[in-house]
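Please read the points below beside the sequence and the structure. They are notes from one pass through the coordinates, grouped by element.

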Amino acid sequence: MIDINEFRRLYEADNHTPGFYINFKGIATEYIIIKYADNVQFGRCGTEDATAVYYATLDELLNADQVDGINLMRDWAKVERIYPEGFGTFEEYCHYHKIEYKGELIDK
C-alpha cells in the first residue's frame, strides 16, 4: 500500500488529469480522486449514489470530512487499495508518465 506522502508526490508529479480509485477496508463502495488543472475532486463511484465534491488543493481534500464519514488524512491506514485509473499499479503508471517510481511505501 502506498503511503500518503508518496501518493501526494505522485499526484503532484502528473500534469495530466489522473484519476485514482480508492477502496477502504470494510466498505464495499469504491471512491475516486480526480486531479484537474485548477482543482481536485473526491467522489463515491456508482451509478445511483455517485457523489462529487471539489476542492482547491489536494491538502484541502485530504483534510476534509468526505461522504460516508471518510477523512483521508485520518483514515489513510484504512485504505485497502489505491490505484491509478487505467493502470493496474503505480509502477505501470509511473513508467508510462516517466515519473520516478520509489516502490509501494508502507504508511506506518
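In these notes, contact means heavy atoms within 4.5 Å. Helices (H or I, at least four residues) and strands (E, at least two) are DSSP runs, numbered from the N terminus. This is a predicted model: local features need pLDDT of at least 70, side-chain atom pairs count only at pLDDT 80 or more, and totals for chains, interfaces and linings use all residues. Residues are numbered from 1 along each chain as its sequence is written, and side-chain values use heavy atoms, with hydrogens and water left out.

1. Helix α4. This helix spans residues 90-97, and its buried residues are F90, Y93, C94 and H97. They sit on the same side of α4, because they cover an arc of only 95 degrees around the axis; the arc is that of the directions from the helix axis to the C-beta atoms. H95 and Y96, on the other side of α4, are exposed. Buried here means under 20% relative accessible area and exposed over 50%, with partly exposed in between (1.4 Å probe, protein chains only).

2. What α4 packs against. The partners of its buried residues are α1 (4-13), β1 (19-24) and β5 (79-84). Just after α4, K98 has a positive phi of about 55 degrees.

3. Strand β2. Residues 30-35 form this strand, and five of its six residues are buried. On one side of the pairing, β2 runs antiparallel to β1, with five bridges joining them; two strands pair if DSSP finds at least two bridges between them. F20 has I33 in β2 as its bridge partner. The two strands form a hairpin with five residues between them, and G26 in the turn has a positive phi of about 80 degrees.

4. From β2 to β3. Strand β3 (residues 40-44) also runs antiparallel to β2, again with five bridges. R44 in β3 stands opposite Y31. Four residues lie between β2 and β3 in this hairpin.

5. D3 and the start of α1. Which residue caps the N-terminal end of α1? D3 does, with a side-chain oxygen 3.1 Å from the backbone nitrogen of N5. The backbone nitrogen of E6 is 2.6 Å from a polar atom of the D3 side chain. A polar contact is a pair of N or O atoms within 3.5 Å; within protein, one must be able to donate a hydrogen and the other to accept it, and residues adjacent in sequence count only if both atoms are side-chain atoms. D3 itself lies in the segment before α1. The buried residues of α1 are I4, E6, F7, R8, L10 and Y11.

6. Charge at D3. D3 is buried yet has no salt bridge, and the nearest side chain of opposite charge, R8, is 7.8 Å away. A salt bridge is a side-chain nitrogen of Lys or Arg within 4 Å of a carboxyl oxygen of Asp or Glu. Lys and Arg count as positive and Asp and Glu as negative, while His and the chain ends are not counted.

7. R74. This residue is in helix α3 (residues 72-75). Leaving aside neighbours within four places in sequence, R74 is in contact with D65 and G69. A polar atom of the R74 side chain lies 2.8 Å from the backbone oxygen of G69.

8. E80. Strand β5 contains E80, which is exposed, with a relative accessible area of 53%. Leaving aside neighbours within four places in sequence, E80 is in contact with M1, N23, F24 and K25.
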